[in-house]
Amino acid sequence: MTAGRPGPVRVDGEMLAVKRAGGYVHLTMVAPGVAERFRPGSFVALAVGGPLSDRCLRRGFPIYRVRASGAYGGTVEVVARPGEAGTTWLAGLSAGSPVDVLGPLGRPFALPKEPVACALVGEGQAAAPLFPLAERLRERGCVVHMLLAGADERSLFGTLEARRAARTVLVATEDGSVGIRGCVADVLPDLLARTGADVVYASGTFPVLHAAARAAEQHGAWSQTAVPAPDGCGTGLCQGCVLPAVGEDGLTRMVRACTEGPVFRGDRVRWDDIGTVPADTWGATPGVAR
Amino acid sequence: MTPDEVDLSCEVGDLRMPNPVMTASGCGGGRELAPFLEVADLGAFVTGSVTLDPCAGAGGPRLVETPSGVLHRTGLQNPGLQGFLTGELPWLAQRGARTVASIAAGSLGEYAELARRVGNSPGVRAVEVNLDLAGREAPDRRLGEDPYQAGKVVAVVRREVPRGIPVLAKLVGQPGLVDLAGAVVKEGADAVVVSGQVPGAAIDRSTLAPSVSSGTLSGPAVHAVAVHAVWQVHAAMPDVPIVGVGGVRTGWDALELLLAGARAVQVGTAALHDPGAAARVVEELRVELGALGIESVARAVGAAHGQGVSR
C-alpha cells in the first residue's frame with residue numbers, strides 16, 4: 001500500500017460479501033485507502049484468478065458505495081454482471097477471500113456549483129455509481145431526477161433505492177415488462193422537458209450515453225457521461241481503452257477512458273467514431289502509423 | 001548475506017544505474033507510475049517510443065488478454081518529439097529519473113533527426129532505438145529484421161547522439177537474432193535490448209473474425225523465449241551488454257535473465273497488472289541475491305554459462 005500519496009492505491013483487500021442483486025452480483029470488499037480517496041464516478045480495477053492466475057489484465061468496475069471506516073476498515077462496493085470468466089471468478093469468491101484492489105481510478109463526475117436540477121440516467125448495473133453521485137448532489141441542494149433503463153425487469157438495477165435517492169424516478173424497459181416501454185433515447189427528451197434539468201449525468205453503454213448526450217444538447221443542458229470502466233491496467237499505461245474526443249482547442253485526440261475518463265463531457269466524445277481513429281485526429285497520418 | 005549487503009548497481013555502456021530494473025518502453029510517460037513508485041528508485045525509466053510527429057495510434061481493439069500474456073497493437077500512440085520534449089521529459093528530469101528515450105521512425109532521415117534532438121536533450125541518459133516495426137503499416141516494416149538495414153539505422157543514430165549517451169538497439173527477430181545483434185554492435189550500438197516478444201493473433205468469440213490479426217505478444221507467456229534469446233546472444237558475444245525483456249514479474253524472473261547474460265532487465269506487462277511491479281522486482285531481486293549469497297548483480301550476469309556463481 002502507498003498511503004500518504006495522493007491518487008489511487010493498490011491494496012491486498014478481502015471480499016466481505018457477495019450478494020445476488022437481480023441479474024447482478026453486489027460485491028463488498030475491504031480495501032483500506034480506497035474509500036478515503038473516492039469521488040462519485042471513479043472506479044476500481046480488480047485482479048482476477050488469484051495469485052497463481054495467468055490473467056494479466058484487471059477488470060474495471062465503477063464504485064457503487066464506500067464506507068471510510070467501520071468494523072473492517074474501509075470498504076468499497078461494486079455491482080458486476082457475471083459472464084466474462086474473470087468477473088464470474090470474482091462473483092464466485094466466498095467471504096474472507098483475498099482480493100487485489102486498485103483504485104479509486106479515473107476522473108469523477110464534475111459537480112455543479114449552483115443548486116440546479118439534475119437528471120441521472122443509468123442503464124442496468126451501470127447505474128450503480130449514480131447513487132453516491134445523487135447523495136453528493138442532494139448535499140449541494142440539487143434536485144435529483146432518475147431514469148433507470150434496461151432491456152427487461154431483470155436487467156434493471158437500484159429501482160427501490162432510487163426512490164430514496166431521487167425526487168422523481170422513471171423506469172424504462174425495452175420489453176415494457178416494468179415501467180415505460182422504450183429506451184433512453186425514447187424517454188429522456190420528455191423527462192428533460194418535464195423536469196427542466198440543467199445537467200444530465202449518464203452511465204451505461206456507448207449507445208445509451210450517446211442518446212443521453214444528444215438529448216441533453218437538444219434540451220440545452222450540460223452532460224456528464226461515464227463510459228464503461230475499462231478492463232486493462234486502469235492506470236493509463238496500456239493505452240488500450242482510448243476513444244476519440246474533442247478537446248478545448250477543437251482538436252480530436254485519442255484519450256484514455258481510464259485516465260482522462262471514465263467521465264467525459266457528453267458533447268466532447270465522438271460517439272459515432274468509437275473504436276476507430278478518425279482521419280482528422282491529432283497525429284493520424286493516413287497510410288503510415290506514425 | 002543480508003539483502004542490504006547486496007550490491008545492485010550495474011552498468012549498460014555508460015548508463016550507470018543503482019539497480020538493473022528498468023521499465024519497458026510503452027508503459028506510460030512516467031506520471032502514471034507516480035502514485036505507486038518513485039521513478040528515480042528504478043534503474044532507469046524507458047519512455048514510450050517517440051516519433052517525429054504526433055501519432056494517434058491504432059484503432060480498436062488494441063489489447064487482448066491471452067493465456068499468461070497480452071496481445072497488443074497500440075500503433076505507437078505518442079505526442080511526437082515536441083510533445084515529448086515539452087510535456088514528458090521535464091517531469092522525468094525533475095523527478096530524478098534516469099531517462100532512456102525510445103525512438104521509432106520510418107526512415108533513416110527521421111531516425112537521424114530524432115536521435116540528434118533527443119540525444120542532445122538534458123535529462124536523457126541513453127537512447128533506445130525501437131527496431132520493432134512489425135506492427136506498423138509502413139512500407140519499410142522489415143527495417144528492423146534485416147541485419148543490414150538495422151545496422152544502418154543504428155549507425156545513423158550513433159553518429160547523431162553525443163558521446164557518453166549510450167545507444168541501445170532493441171531487437172526483434174528470431175531466429176536471426178544473433179546475426180542482428182552482431183550487425184548493430186558492429187555499427188556502434190553500445191548495448192542490445194533482447195526481447196521475448198513474438199507476433200500473435202486472436203479471434204473474437206462473437207464475430208469469429210480476428211480481434212487482433214497481427215499484434216505483439218508479451219507477458220509471462222514469453223519469459224522463456226526471452227531467457228533463451230538472452231542466452232544465445234550472450235553465448236555468441238559475451239562482452240556485449242544485453243538488456244533482457246520479456247515476462248518479468250518477480251525478482252527471480254529478473255535474476256534468471258541476469259544469469260542468462262543480461263546486465264539489466266525491463267519490466268513491462270507486469271506493470272499493467274501491478275503498477276508498482278518494477279519497484280517490487282528491485283526489492284525481490286535484492287532478497288533473491290541475498291538468500292543465494294550472491295554479493296552483487298555483476299557476479300550474477302552470465303553466471304549460468306560457466307560454473308555457476310562463485311559465492
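Trainee: In this predicted model, what share of the 311 residues in chain B is buried?

Mentor: Buried residues make up 60% of the 311 residues in chain B. For chain A, 55% of its 290 residues count as buried.

Trainee: What radius of gyration does chain B have, and what would a compact globule have?

Mentor: The idea is to set the computed radius beside the value for a compact globule with that number of residues. A compact globule of 311 residues would have a radius of gyration near 19 Å, and chain B agrees with its 18 Å. The C-alpha trace of chain B spans about 50 × 50 × 40 Å along its principal axes.

Trainee: How many helices and strands are there in chain A?

Mentor: Chain A has six helices and 15 strands. Its radius of gyration is 19 Å, close to the 19 Å that the globule rule gives for 290 residues, so chain A is as compact as a globular protein of that length. The C-alpha trace of chain A spans about 55 × 50 × 40 Å along its principal axes. In chain B the count is nine helices and 14 strands.

Trainee: In what order do the strands of the seven-stranded open sheet in chain A run?

Mentor: The order is 10-9-8-7-11-12-15, with mixed pairing. An edge strand pairs on one side only, and here the edges are strand 10 (180-181) and strand 15 (263-265) of chain A. Inside the sheet, strand 8 (residues 143-150) and strand 9 (residues 168-173) of chain A pair in the parallel sense over six bridges. A:Ala149 stands opposite A:Ala172 in strand 9 of chain A.

Trainee: Which strands does helix 3 of chain A touch when it packs on the sheet?

Mentor: Helix 3 (residues 130-139) touches strand 7 (117-123), strand 8 and strand 11 (199-203) of chain A, and its direction makes about 175° with that of strand 7. Helix 6 (residues 206-219) of chain A also packs on the sheet, touching strand 7, strand 8, strand 11 and strand 12 (222-226), with about 170° between its direction and that of strand 12.

Trainee: How should I read a helix like that one?

Mentor: An α-helix has 3.6 residues a turn, so residues three or four places apart point the same way. The 14 residues of helix 6 of chain A should span 20 Å at 1.5 Å a residue, and its end C-alpha atoms are 20 Å apart, which agrees. Among its buried residues are A:Val208, A:Leu209, A:Ala212 and A:Ala216. The buried residues of helix 6 pack against strand 7, strand 8, helix 5 (184-195), strand 11 and strand 12 of chain A. After helix 6 comes A:Gly220, with a positive phi near 85°.

Trainee: Is A:Ala85 buried or exposed?

Mentor: A:Ala85 is exposed, because 12 other C-beta atoms lie within 10 Å and the cut-off for exposed is 12 or fewer. This residue lies in helix 2 (residues 85-91) of chain A.

Trainee: How many residues of chain B are in contact with chain A?

Mentor: 38 residues of chain B are in contact with 33 residues of chain A. On the side of chain B that touches chain A, helix 7 of chain B gives the largest share, four residues. The residues of that side divide into 15 nonpolar, 16 polar and seven charged.

Conventions:
Residues numbered from 1 in each chain as written. Chains lettered and ligands numbered in written order. Predicted model: local features only at pLDDT ≥ 70, side-chain atom pairs only at ≥ 80, totals over all residues. Contact = placed C-beta atoms within 7 Å. Helix = DSSP H or I, 4+ residues; strand = E, 2+ residues; numbered from the N terminus. Nonpolar A, V, L, I, M, F, W, Y, C, P; charged D, E, K, R; others polar. Rg over C-alpha atoms; globule rule 2.2 N^0.38 Å. Buried ≥ 20, exposed ≤ 12 C-beta atoms within 10 Å, placed from the backbone. Pairing = 2+ DSSP bridges. Axes fitted to C-alpha atoms, helices over the stretch in contact; angles between N-to-C directions. Expected span 1.5 Å × (residues − 1).
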